[in-house]
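Here is a short report on a few sites in one structure. Take a look at the model first, then read on.

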Amino acid sequence: MNTIKKTNRDKVIEIAARLFLEKGYHLTSMDEVVHVSGISKSNIYYHFKNKEELAIGVIKWRISLLEQHIDELVRSKKSYKEKLNKMVALISNQECLDHDKGGCPFISLYLQAAQQSPRIHTVIKNFFLEQVPVVEEILQSGIAQKQITKAIDVRKTAKLIISTLEGALLLSEITADQHYMDDSLQTLTALLD
């Protein structure tokens, strides 16, 4: 059996990710990360010079986990609707990343930290922008499988889907009501049938 030992850096990122999601970015201190992780302050500051860098590390870690799942999803034989539903579930943290707290970790960190940190803003913005070509590919698969029969501009439709889902993620986070996500995705895919 081949087990991969987590580095101190990995452990710190995972603990910070959990704390940021449970308590919020501003209410999580570096001292708390030190305490919960059991890793020395000097070791943590060796990897992350401040909380902003730690948050960026958390975001990039989440992105790398999601990219693995999304790549597999795009290559799968599922219908485009199943792919979009699964992609939304992954991004909004319903099925992935071993946390039972609701809400989208990207939107949570964006709402809590992006105004004070242009770097956090940029990393999260770029993540969502990078999803446009992924949705384009999903739509192309729906066209190829004749599941989408209407003539559509794939790029514009992908942008509409991403922007609608970003808004739904935000509203779901603010209101703690997952129906914004579910209703938005159902309505969007119904328009394509």
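## Ser172 and its contacts

Not counting residues up to four places away in sequence, Ser172 touches Asp177, Gln178, Tyr180 and Met181. The model is predicted. Ser172 has its place in helix H8.

Is Ser172 buried or exposed? Ser172 has a relative accessible area of 9%. Buried means under 20%, so Ser172 counts as buried.

## Ser141 in helix H7

Ser141 belongs to helix H7, which covers residues 118-144. The relative accessible area of Ser141 is 15%. The cut-off for buried is under 20%, so Ser141 is buried.

Which residues does Ser141 contact, leaving aside its neighbours within four places in sequence? They are Tyr80 and Lys83. The side chain of Ser141 also reaches the backbone oxygen of Ile138, at 2.6 Å. Ile59 is 82 residues from Ser141 in sequence. In space, the two are 29 Å apart, C-alpha to C-alpha.

## The buried side of helix H6

Helix H6 spans residues 105-113. Its buried residues are Pro105, Phe106, Ile107, Ser108, Leu109 and Ala113.

What do the buried residues of H6 pack against? Their partners are helix H1 (8-23), helix H4 (51-75), helix H5 (80-91), H7 and helix H8 (154-175).

Terms used: Residues numbered from 1 in each chain as written. Predicted model: local features only at pLDDT ≥ 70, side-chain atom pairs only at ≥ 80, totals over all residues. Heavy atoms only, no water. Helix = DSSP H or I, 4+ residues; strand = E, 2+ residues; numbered from the N terminus. Buried < 20%, exposed > 50% of the residue type's maximum accessible area, 1.4 Å probe, protein only. Contact = heavy atoms within 4.5 Å. Polar contact = N/O pair within 3.5 Å; in protein donor to acceptor, adjacent residues only side chain to side chain.
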